[in-house]
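Morning, everyone. Please bring the model up on your screens, and keep the sequence beside it.

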Amino acid sequence: MQRRLLLAAGITSAAALAGCAGPQIGQYASEKPLLDLRSYFNGTLDAYGVFTDRSGAVVKRFTVVMVCTWNGDDGVLDETFNYSDGTTGKRIWRMKHLGNGQFSGTADDVVGTARGEQKGNAFRWGYTLLLPVDGKTYEVQFDDWMYLMDERVMLNKAEMSKFGIRLGEVTLSFVRRNP
């Protein structure tokens with residue numbers, strides 16, 4: 001009897017923990033406005049962001065200018081970063097639309113291939129980034145969520161972790177320039 005109670009408690013605990021898992025992209029399928037990633041990331045965009053550590057303190061502020069182009073299912077997102085400490089950075093994403101809302105992407109500072117999916121007004125993007133810190137480079141994982149607010153503005157929230165331990169968060173707002 002005790003064994004059955006322990007087994008039932010274990011199953012209940014596992015089910016409760018599974019229910020606490022983060023949001024899934026399918027939850028946003030009916031949300032509006034409908035995101036078309038290739039259309040939104042086409043042209044020049046400005047982004048404004050902060051990196052916060054795990055306590056929530058702002059560690060770094062930055063701006064980004066993105067020049068984005070698509071040729072069919074192949075896209076290039078050319079990002080130029082300007083950080084509050086005076087440093088700069090560059091990342092060029094080479095994106096591929098795989099159909100059915102699925103995307104892949106590569107960049108020089110990304111390990112392997114990033115995978116993403118769009119549904120409704122949302123896009124979820126997962127990848128491992130090579131992050132330079134104080135002369136060393138670390139592989140950190142990003143769980144990157146974007147939410148289209150209107151035809152010009154998209155909000156982005158990305159959790160950064162290593163070995164499953166949350167290191168901090170990046171929060172950005174993208175603004176499409178008027179044509």
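First, a caution. What you see is a predicted model.

Now the layout. The protein has 2 helices and 10 strands. The protein has 179 residues, and 34% of them are buried. The accessible surface is about 10700 Å². Carbon and sulfur atoms hold 55% of that surface.

Next, the core. Which residues touch the most other members of the largest nonpolar core? They are Phe 41, Trp 93 and Phe 174, out of 34 residues in that core. Strand β2, residues 58-71, gives the most to this core, with 5 residues. Look at Phe 41 for a moment. Leaving aside residues up to four places away in sequence, Phe 41 touches Met 66, Cys 68, Trp 70, Leu 77, Met 146, Met 154 and Phe 174.

Now find Phe 51. It sits in strand β1, residues 43-53. Is Phe 51 buried or exposed? It counts as buried, because its relative accessibility is 17% and the cut-off for buried is under 20%. Its contacts beyond four places in sequence include Val 58, Phe 62, Met 160 and Leu 167. Glu 159 is 108 residues away from Phe 51 in sequence. In space, their C-alpha atoms are 9.8 Å apart.

Keep Glu 159 in mind as we turn to charges. The structure holds 12 salt bridges. In one of them, the side chain of Glu 159 meets that of Arg 166, at 3.5 Å from N to O. Arg 166 also forms a salt bridge with Glu 169, again with N and O 3.5 Å apart. Glu 169 is buried, at 16%. Glu 169 is also among the residues that Phe 51 touches.

One more pair. Asp 78 and Lys 90 form a salt bridge, with the closest N and O atoms 2.5 Å apart. Asp 78 lies in strand β3 and Lys 90 in strand β4, so this pair ties together parts 12 residues apart in sequence. Asp 78 is partly exposed at 23%, and Lys 90 is partly exposed at 49%.

Last stop: Glu 79, Arg 91 and Asp 109 are linked in a salt-bridge network.

Notes:
Residues numbered from 1 in each chain as written. Predicted model: local features only at pLDDT ≥ 70, side-chain atom pairs only at ≥ 80, totals over all residues. Heavy atoms only, no water. Helix = DSSP H or I, 4+ residues; strand = E, 2+ residues; numbered from the N terminus. Buried < 20%, exposed > 50% of the residue type's maximum accessible area, 1.4 Å probe, protein only. Areas by Shrake-Rupley, 256 points an atom, 1.4 Å probe, with all protein chains shown as cover. Contact = heavy atoms within 4.5 Å. Core = buried A, V, L, I, M, F, W, Y, C linked by side-chain atoms within 4.5 Å. Salt bridge = Lys/Arg side-chain N within 4 Å of Asp/Glu carboxyl O.
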